[in-house]
Amino acid sequence: MKHRATRVIPAKKARRARPDAGLTLIELMVVVVILALLALVIVPRVIDRPDQARAARARADIAAMSSALNLYRLDNGAYPTTEQGLRALVTRPTTAPVPANWAEGGYLDRVPDDPWGREYLYLSPGVHGPFDIVSQGADGRTGGSGADADITSWQSE
C-alpha cells in the first residue's frame with residue numbers, strides 16, 4: 001500500500017475559498033447609505049400625497065355610489081329616500097317606499113366609509129340634484145379648505 005502525502009492548505013487561502021461568506025461591514029454600510037439616500041429622495045414626495053389620495057378615493061367612492069343609485073332608480077323608478085339611505089344599495093329596504101324591482105344581490109357589495117373613517121352623508125331629494133352624497137373631509141365638518149374641504153357628488157359631475 002502506498003502512503004499518500006497530505007497537502008496542507010494555508011489558513012488564509014481556506015478562508016478565501018469559502019463560497020458562503022457573508023457581506024463585509026463596508027459592503028453592508030454602502031447598502032445602508034444607498035437605501036438612506038433613496039429614502040431621502042422618495043419619502044418627501046410620498047408624504048405630501050396622502051390627503052390627495054384620500055380625496056381621490058372619496059371622489060371614486062362617490063362616483064361608484066352615484067352609478068349604483070342611478071341603476072337603483074332605473075329598476076325602481078325612484079332613488080332611495082334619505083331614511084333608507086345608502087344601505088338600500090346593499091340590502092333591500094323594508095320601509096316605504098319598498099322597491100318593487102330591487103336587484104337580487106344588491107347594487108353594491110358594501111357601503112364604504114369615507115377615507116377618514118366616517119359615513120358618507122346622503123340626502124334624497126338633494127339640494128343640488130336628485131340626490132346628494134357628501135364626505136366632509138378630514139375635519140368631519142361642513143365646509144373647509146384643503147384636506148378639510150367637503151367632497152360632494154355635485155362637484156364630481
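Pro125 sits in the loop between β1 and β2 (132-135). The peptide bond from Ser124 to Pro125 is cis, with omega near 0 degrees. As background, most peptide bonds are trans.

The model is predicted, so local features need pLDDT of at least 70 and side-chain atom pairs count only at pLDDT 80 or more, while totals for chains, interfaces and linings use all residues. Residues are numbered from 1 along each chain as its sequence is written, and side-chain values use heavy atoms, with hydrogens and water left out.

**Overall layout**

The chain has four helices and three strands, in the order α-α-α-β-β-β-α from the N terminus. Helices (H or I, at least four residues) and strands (E, at least two) are DSSP runs, numbered from the N terminus. Of the 157 residues, 27% count as buried. Buried means under 20% relative accessible area, exposed means over 50%, and partly exposed lies in between (1.4 Å probe, protein chains only). The chain exposes about 11,400 Å², and carbon and sulfur atoms supply 59% of that area; the areas come from the Shrake-Rupley method with a 1.4 Å probe, and for residues only the protein chains shown count as cover. Among contacts (heavy atoms within 4.5 Å) between residues at least 6 apart in sequence, 41% join residues at least 24 apart.

**The core and Leu89**

The largest nonpolar core has 21 residues, and Leu89 is among those with the most contacts inside it, as are Met65 and Leu69. Helix α3 (residues 50-76) gives the most to this core, with seven residues. A nonpolar core is a set of buried Ala, Val, Leu, Ile, Met, Phe, Trp, Tyr and Cys residues joined through side-chain atoms within 4.5 Å.

Leu89 lies in the loop between α3 and β1 (121-123). Leaving aside neighbours within four places in sequence, Leu89 is in contact with residues including Met65, Leu69, Trp102 and Leu108. The C-alpha atoms of Leu89 and Arg110 are separated by 8.0 Å, though the two residues are 21 apart along the chain.

Helix α3 also holds Asp61 and Ala53. Asp61 touches Pro112, Asp113 and Tyr120, not counting residues up to four places away in sequence. Ala53 and Pro115 are 62 residues apart in sequence and 9.0 Å apart in space, C-alpha to C-alpha.

| Residue | Relative accessible area | Class |
|---|---|---|
| Leu89 | 0% | buried |
| Asp61 | 14% | buried |
| Ala53 | 47% | partly exposed |

**The largest pocket**

About 210 Å³ of space lies in the largest pocket. On a 1 Å grid over the protein atoms alone, a pocket is an open set of points where a 1.4 Å probe fits, with protein on both sides within 12 Å along at least five of seven lines; lining residues have an atom within 4 Å of a point. The volume is the space filled by probe spheres set on the points, which are joined across faces, edges and corners.

The lining includes Leu86, Arg87, Pro112, Asp113 and Tyr120. The lining residues divide into six nonpolar, two polar and three charged. Here Ala, Val, Leu, Ile, Met, Phe, Trp, Tyr, Cys and Pro count as nonpolar, Asp, Glu, Lys and Arg as charged, and the others, Gly among them, as polar.
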